Amino acid sequence: LCLGVAIGSSTQIALFVVPFSVIVGWIVDVPMSLDFRLFDASVLLLSVFLTSGVITDGSSNWLEGAMLVATYVLIAIICWFIPTHEEPSFGGHHHREL
């Protein structure tokens, strides 16, 4: 029962917060979209499978906790080094202001 409440609450918050953030982004003129990169979708899928594997048996130990923390740290390090994409200027060339 406890796991059902926790997962249900997390799902409800996620389904409310993401669209709400996009709407607030439109209002304050911050570009936000639901167009996720392949890496973002892969991390989401990995986290769902990993969480499902950890909570399936109903108990936990230090190894499962260490596995979750290591996965979190690994994802954070990879996200730090992902290059951002710059929008090309008119004509496909980058121009610098002098």
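Colour the chain by pLDDT, the predictor's confidence in each residue, from 0 to 100. The protein averages a pLDDT of 79, and 83% of the residues score at least 70. This is a predicted model, in which local features need pLDDT of at least 70 and side-chain atom pairs count only at pLDDT 80 or more, while totals for chains, interfaces and linings use all residues. Residues are numbered from 1 along each chain as its sequence is written, and side-chain values use heavy atoms, with hydrogens and water left out.

Next, display the cartoon. The protein has 3 helices and 0 strands (DSSP runs numbered from the N terminus: helices are H or I, at least four residues; strands are E, at least two). Select helix α1 (residues 2-27), where confidence is lowest at a mean of 81, and then helix α3 (residues 62-81), where it is highest at 89.

Now select helix α2 (residues 38-55) together with α3. The two pack at about 175 degrees, with axes 11 Å apart (axes are lines fitted to C-alpha atoms, for helices over the stretch in contact; angles run from 0 to 180 degrees between N-to-C directions). Helix α2 is therefore roughly antiparallel to α3, a term for angles over 145 degrees.

Show the side chains at this contact (heavy atoms within 4.5 Å). From α2, F39, V43, L46, L50 and V54 meet E64, M67, L68, T71, I75, I78 and C79 of α3. These residues divide into 10 nonpolar, 1 polar and 1 charged (Ala, Val, Leu, Ile, Met, Phe, Trp, Tyr, Cys and Pro count as nonpolar, Asp, Glu, Lys and Arg as charged, and the others, Gly among them, as polar).

Definitions and conventions: Angles under 35 degrees count as roughly parallel, over 145 as roughly antiparallel, 65 to 115 as roughly perpendicular and the rest as oblique.
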